[in-house]
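Dear colleague,

I am handing over the structure below, and after it I set out what was found. Please read the notes with the sequence and the coordinates open beside them.

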Amino acid sequence: MSENTSKIAFVTGGARGIGARCAKDLKGQGYQVVIGDINADQIRNFQEETGIPGVVIDVASYDSVQAAQQLLIEKYGDVDILVNNAGITRDGFMHKMDPVSQWQTVIDVNLGGVFNTSRVFAPAMREKGFGRIINISSMNGQRGQFGQSNYAAAKAGILGFTRSIAQELAGKGVTANAVCPGFVETEMTQAMPAEILQQEQAKIPVGRLGLPEDISNAVVFLASTASGFVNGATLSVNGGQYMAA
Ligand SMILES: NC(=O)c1ccc[n+]([C@@H]2O[C@H](COP(=O)([O-])OP(=O)(O)OC[C@H]3O[C@@H](n4cnc5c(N)ncnc54)[C@H](O)[C@@H]3O)[C@@H](O)[C@H]2O)c1
């Protein structure tokens, strides 16, 4: 995989969960990997454990993303592979949802964050004539989910955004694709009530919850040059729980 060693992969929300797995597996493929995360302590722990460096970033803030880009350029160079993985949940019924702390915050991080990083990192990819933008959406963005109107709206928005930039950027060698995980065992899902998780698991034809590596396997493929004709795609990785047409 020697062609990868000159490529820089940046994984947002990379200090734990799915993002951490993606960072480790991309490193395993030879890429120079840097994570970006809002949690400085988690970044430090992750770097100690894996040797993968990180920058503090709040993807919801355009200024923060620009500052992170400056640091990345100074220390490593331009980003070739952008994995937009950072995401949060602030669940609640729509009719009781707080317009700011639940609705706007989730839209700003989960959808605004994908715009901010893509907007900041895509120009250098276009100039180089190569780039990969991989956006982590969600099965719940495809099908909707009780108690997650904010999250589902943001994740569905990612799909429209991805299909649009996939058209705009492909002429310059930059592809954009979305991955829609189903239920994956991470701290995000550990926060869910155990009986809900058990109910969901019973609906998964593969017979188990997803693991972070199930998602990173898809991300590693989409990052590769072998995926060059895959553009604007939505890749469901959910064990068959939801099969989008
Ligand atoms: N776990 C699942 O079942 C599941 C299912 C579908 C989609 N997803 C999506 O996959 C992605 C990763 O999920 P996870 O389960 O690993 O989550 P997680 O909560 O374990 O990790 C998310 C990481 O993002 C970071 N983060 C949060 N807000 C940030 C911000 N504003 N800027 C930068 N970093 C920020 C956190 O510090 C954390 O390290 C998310 O986008 C999530 O919506 C997860």
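A residue is called buried here when its relative accessible area is under 20%, exposed when it is over 50%, and partly exposed in between, with a 1.4 Å probe and the protein chains only as cover. By that rule Gln102 is buried, because its relative accessible area is 17%.

Two cautions apply throughout. This is a predicted model, in which local features need pLDDT of at least 70 and side-chain atom pairs count only at pLDDT 80 or more, while totals for chains, interfaces and linings use all residues. Residues are numbered from 1 along each chain as its sequence is written, and side-chain values use heavy atoms, with hydrogens and water left out.

Gln102 belongs to helix 4 (residues 99-128), where helices (H or I, at least four residues) and strands (E, at least two) are DSSP runs numbered from the N terminus.

Met97 is located in the loop between strand 4 (81-84) and helix 4, and Met97 counts as buried because its relative accessibility is 12%. Between the C-alpha atoms of Met97 and Phe130 there are 41 Å in space, for a separation of 33 residues in sequence.

Turning to the ligand, 27 residues surround it, the closest being Arg16, Asp37, Asn85, Tyr151 and Thr186; a residue qualifies if one of its heavy atoms lies within 4 Å. A polar side-chain atom of Asp58 is 2.8 Å from a ligand nitrogen, a polar backbone atom of Ile38 is 3.3 Å from a ligand nitrogen, and a polar side-chain atom of Thr186 is 2.5 Å from a ligand oxygen. The ligand taken alone exposes 830 Å², of which the protein buries 95%, the areas coming from the Shrake-Rupley method with a 1.4 Å probe. Helix 1 (17-28), helix 6 (149-169) and helix 7 (187-190) are the elements that give two or more residues to the shell around the ligand.

Definitions and conventions: Polar contact = N/O pair within 3.5 Å; in protein donor to acceptor, adjacent residues only side chain to side chain.
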